[in-house]
Amino acid sequence: MQLKYTAPRASRRVDPEYRDRVREMSSGRWFTILQTLGVSAQILTGEVATCPECGGSFKFLNTRDRGEFICREPRSSDIYGDGFALVRHLGGDLGFDDAVRAVGEALGQRELSDRAPEKRAHRAWRGTIDRWAL
Ligand SMILES: [Zn+2]
């Protein structure tokens, strides 16, 4: 299925700090996150439902508030894991980094696209302090 999020133009590794922040924030918020990404609430009831991605027997467990699920695909082995694995599965085998970005976007968290401007700003500010010190 098509998830509602903005895929990055160029694929690159997700920022580790951003990944950790998104992971921390996602705990206990999976109903909202998944619905924001366009997943129907009808498959998030905890009852067995049809997986919108593979047509398998899907169950949203959310046992530890981390979006846990299991999907029994018709022609292959079971898929299970946490909410990030679920976003990967529903996104058509989406990469982990993009799953983190999708969840982050659903949580209103933006990944800094470039850390350099921040460092430049910091250096400029330090320069100001150094001038004051003189
Ligand atoms: Zn499935």
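What is the phi of glycine 92, the residue that follows H3? It is positive, near 75°.

**Figure 1. The whole chain: a predicted model with 5 helices and 4 strands.** This is a predicted model, where local features need pLDDT of at least 70, side-chain atom pairs count only at pLDDT 80 or more, and totals for chains, interfaces and linings use all residues. Residues are numbered from 1 along each chain as its sequence is written. Helices (H or I, at least four residues) and strands (E, at least two) are DSSP runs, numbered from the N terminus. Read along the sequence, the pattern goes α-α-β-β-β-β-α-α-α. Of the 134 residues, 25% are buried; a buried residue has 20 or more other C-beta atoms within 10 Å of its own, an exposed one has 12 or fewer, and a partly exposed one falls in between, with C-beta atoms placed from the backbone. Among contacts with a separation of 6 or more, 46% link residues 24 or more positions apart. Two residues are in contact if their C-beta atoms, placed from the backbone, lie within 7 Å.

**Figure 2. An open sheet of 4 strands, in the order S1-S2-S3-S4.** The pairing is antiparallel. S1 (49-50) and S4 (79-81) are the edge strands, each with a single partner, so one side of each is left without a neighbour in the sheet. Two strands count as paired if DSSP finds at least two bridges between them. S1 is joined to S2 (residues 57-60) by 2 bridges, and here alanine 49 sits opposite phenylalanine 58. S2 and S3 pair over 4 bridges, with lysine 59 partnered by isoleucine 70 in S3.

**Figure 3. Strand S3, its two faces and its hairpin to S4.** In a regular strand the side chains alternate between the two faces of the sheet. A hairpin of 6 residues leads from S3 to S4. These two strands pair in the antiparallel sense over 3 bridges, and cysteine 71 has isoleucine 79 in S4 as its bridge partner.

**Figure 4. The largest nonpolar core, with its 24 residues.** A nonpolar core here is a set of buried Ala, Val, Leu, Ile, Met, Phe, Trp, Tyr and Cys residues joined through C-beta atoms within 7 Å. Leu37, Val87, Ala102 and Val103 touch the most other members. H4 gives the most, with 5 residues. Zoom in on valine 103 and, leaving out residues up to four places away in sequence, you find Val22, Ser26, Ile33, Phe84 and Val87 touching it.

**Figure 5. Where H3 meets H4.** The two axes come within 9 Å and cross at roughly 105°; axes are lines fitted to C-alpha atoms, for helices over the stretch in contact, and angles run from 0 to 180 degrees between N-to-C directions. H3 and H4 are therefore roughly perpendicular (65 to 115 degrees; under 35 counts as roughly parallel, over 145 as roughly antiparallel and the rest as oblique). On the H3 side we have Phe84, Val87 and Arg88, which meet Phe96, Ala99, Val100, Ala102 and Val103 in H4.

**Figure 6. Two covered helices, H3 and H4.** In H3, 7 of the 8 residues are buried, including Phe84, Leu86 and His89. Their cover includes H1 (16-26), H2, S3, S4 and H4. As for H4, 8 of its 11 residues are buried, so this helix is largely enclosed by the rest of the structure. Arg101 and Glu105 are among those buried residues of H4, which pack against H1, H2 and H3. After H4 comes glycine 108, with a positive phi near 75°.

**Figure 7. Back to glycine 92, in the loop between H3 and H4.** Glycine 92 is exposed, with 11 other C-beta atoms within 10 Å. Its C-alpha atom is separated by 8.6 Å from that of cysteine 54, which is 38 residues apart from glycine 92 along the chain.
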